[in-house]
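Colleague: I've got the sequence and the model open. Can you walk me through them?

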Amino acid sequence: MRVPKSERILAYVILITMASLVLAPVLAGSITAFKPQIIWVSSPPTWIFEPTLENFEFVFFTRKGWLYLRNSLIISIGSVALALILGVPAAYAFARFRFRGSKALMQWLISLRMIPPIVVGLPFYAMFLNLERTFNIGLRDTYPGLIITYQTFLLPLVIWMMRGYFADLPAAMEESAMVEGYTRLGALLRVVLPVVWPGIVATAILNFIFAWNEFFLALILAGNRTSTLPMTAGTYIVRTRVEWGNLFAVNLIIMAPVIVLTIILRQQLVKGLTFGILE
Amino acid sequence: MNESDASDNANQSVSTRFYHLTQRHRHWFFIAPALLILLAVVIYPILFSTGVSLFRVTFASQSRPFVGLQNFERMLSNDDFLQSAFNTLYYVVFSVSGSFALGFAAALLFRRVTAGKELLRLILIIPITMAPIVVGLMWNWMLDPLFGLVNWFLGLIGIPGQTMLAQASTARITVVLVDIWQWYPLVFLILEAGMATLPRAPYESARLEGVPSWLIFRRITLPMLRPVILVALLLRTVDAFRTFDIVRVMTDGGPHLTTETLSLYLYRTAFTFSKLSRAAAGSILMLLVIGLISAIMFRYLYREVELG
């Protein structure tokens, strides 16, 4: 697009301002994680100081941050793995087979994106309580309990994203494999999956980010044994005193892996965030 | 196995019929596991909740009398519920329109620059990927009346320190602004991707004919972008409607319930005050409202694009 020079300069000025306003609080906050305790709160803010890792050390060991990190990893990876195992075959069927109701089912899957978490979180708590009392099955404050619950928002997204990736591949691929004697499932596993691998990785990454950042369902259904990182971040705010350095250390531990994953994912991000509706 | 072979051989008719049956329904082998789980984790809880909302259930008591629609009536005549419903509406209106306007502006400006696009986009993606809870905590620090950067900055230009989150008059708009900060990049990202796929020909001919740029925007960009705009609005609306995390860490609903959202209020009703069935009734009402809103938006969307 040809643009007059003055217009382009104005566009740059505004966009750079926007980018700075996005970046400034993130950077300013993050460096607090490396400040020694005496300058956590200082006005005017201290910009030059000897960076220290003592906040991370405190958060990680004294406050058992490694435990919460482990919980977050187990729950996120576990729920994404389950969503892929269940969702990839379903997505494949939606992409390859024409059957009555397939369209309505796909639309129903998007509609699940609209459900507020409180609507499922509330009955989940009561259902888990009932299971405990009646059948002695404990799901509250357990990894399986959260991993199953997270399927409410992960599974529809996996199916939609993967359906798009499968639909991009020519059907002739499995057909020729099936002529060579593969079954449909064999062709999917041996021929299609190796090709659609990058799509699976992109789907896994985006879903991991959602599971990793999840707060509401964890707040209701996790407990001492399964607390995740986002749940513990709030514990550094006490009415009398906020441990800002420690808080930002936790924030950074939550943010850092997501930012790295986002950079890897950036080409596929929009497709995933919009459920690939806009193909 | 081949179809004509099978039909020639009468002895195989049973197994053939079974084969055809499985062939015709083979998609269910792939779909059934996912579908069953979704029925268990989404549909069953909603039905369960609907059931609970018709009884008087608390965590404390074992007796559970049937009360019909009483819980719904109680909720709809409860001032705190109505207040949080109003607040939620406020969040939806201002957070959606604010993030949409900023995101759209950013996407339009983005078409006018050349160098550094990749870096700009990467920076703007950051808030989207942050946990809302982290965003809220970060802005708590930014807005601290004593040492927060916002007040430090305001102090430099001569404005005295403000306690924006503690005052009833400013808390709500402050939380909304933080929400906009986090989500206008999402609108930007979606619209920018949509604009990148627009055909160039209409623009070039319009420019050749000297059509002013605001008219190009209204007559070409806007109509062609409509499905993309609808998707962005739909996602923002359902997310603003369920706002919880940010408010929970920034104000926890206060001061005087001015920032309380429906999600927050229902959470408190169930888990602090142990009124499970009332909270269930409230959440079903919430589901009906967002269901209606998104159904309307979906109808418009279906007219624009072929789904599924």
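This is a predicted model: local features need pLDDT of at least 70, side-chain atom pairs count only at pLDDT 80 or more; totals for chains, interfaces and linings use all residues.

Colleague: How many residues of domain 1 of chain B are in contact with domain 2 of chain B?

Modeller: Contact means C-beta atoms, placed from the backbone, within 7 Å. Domain 2 of chain B puts 7 residues into this contact, and domain 1 of chain B puts in 5.

Colleague: And how many residues of chain B are in contact with chain A?

Modeller: On the chain A side there are 76 residues, and the chain B side has 74. Ala, Val, Leu, Ile, Met, Phe, Trp, Tyr, Cys and Pro count as nonpolar, Asp, Glu, Lys and Arg as charged, and the others, Gly among them, as polar. By those classes, the side of chain B that touches chain A has 5 charged, 9 polar and 60 nonpolar residues.

Colleague: Which helix gives the largest share of the side of chain B that touches chain A?

Modeller: Helices here are DSSP runs (H or I, at least four residues), strands are E runs of at least two, and both are numbered from the N terminus. The largest share is 15 residues, and it comes from residues 26-53 of chain B, helix α3.

Colleague: Where does α3(B) have its kink?

Modeller: The bend at a residue is the angle between axes fitted to the seven residues ending there and the seven starting there. In α3(B) that angle is about 45°, shortly before the proline B:P33, and the kink lies at B:A32.

Colleague: What covers the buried residues of α3(B)?

Modeller: Buried means 20 or more other C-beta atoms within 10 Å of a residue's own, exposed means 12 or fewer, and partly exposed is in between, with C-beta atoms placed from the backbone. The buried residues of α3(B) include B:F30, B:L38 and B:V52. Their cover includes α4 and α14 of chain B, together with α3, α5, α6 and α7 of chain A.

Colleague: How many residues does the largest nonpolar core have?

Modeller: A nonpolar core is a set of buried Ala, Val, Leu, Ile, Met, Phe, Trp, Tyr and Cys residues joined through C-beta atoms within 7 Å. Those with the most contacts inside it include A:A91 and B:V187. Domain 1 and domain 2 of chain B both give residues to this core, so it lies between them.

Colleague: Where does α1(A) bend?

Modeller: A proline, A:P25, follows the bend within four residues. The angle is about 30°, and the bend of α1(A) is at A:L23.

Colleague: Which residues does the cis peptide bond join?

Modeller: Most peptide bonds are trans. Here omega is about -15°, and B:P255 sits in the loop between α12 and α13 of chain B. The cis bond joins B:G254 and B:P255.

Colleague: Is B:D252 buried or partly exposed?

Modeller: B:D252 lies in that loop too, and its phi is positive, about 50°, although it is not a glycine. With 13 C-beta neighbours inside 10 Å, B:D252 counts as partly exposed.

Note on methods:
Residues are numbered from 1 along each chain as its sequence is written. Chains are lettered from A and ligands numbered from 1 in the order in which they are written. Domain bounds come from an automatic or database domain assignment. Two residues are in contact if their C-beta atoms, placed from the backbone, lie within 7 Å.
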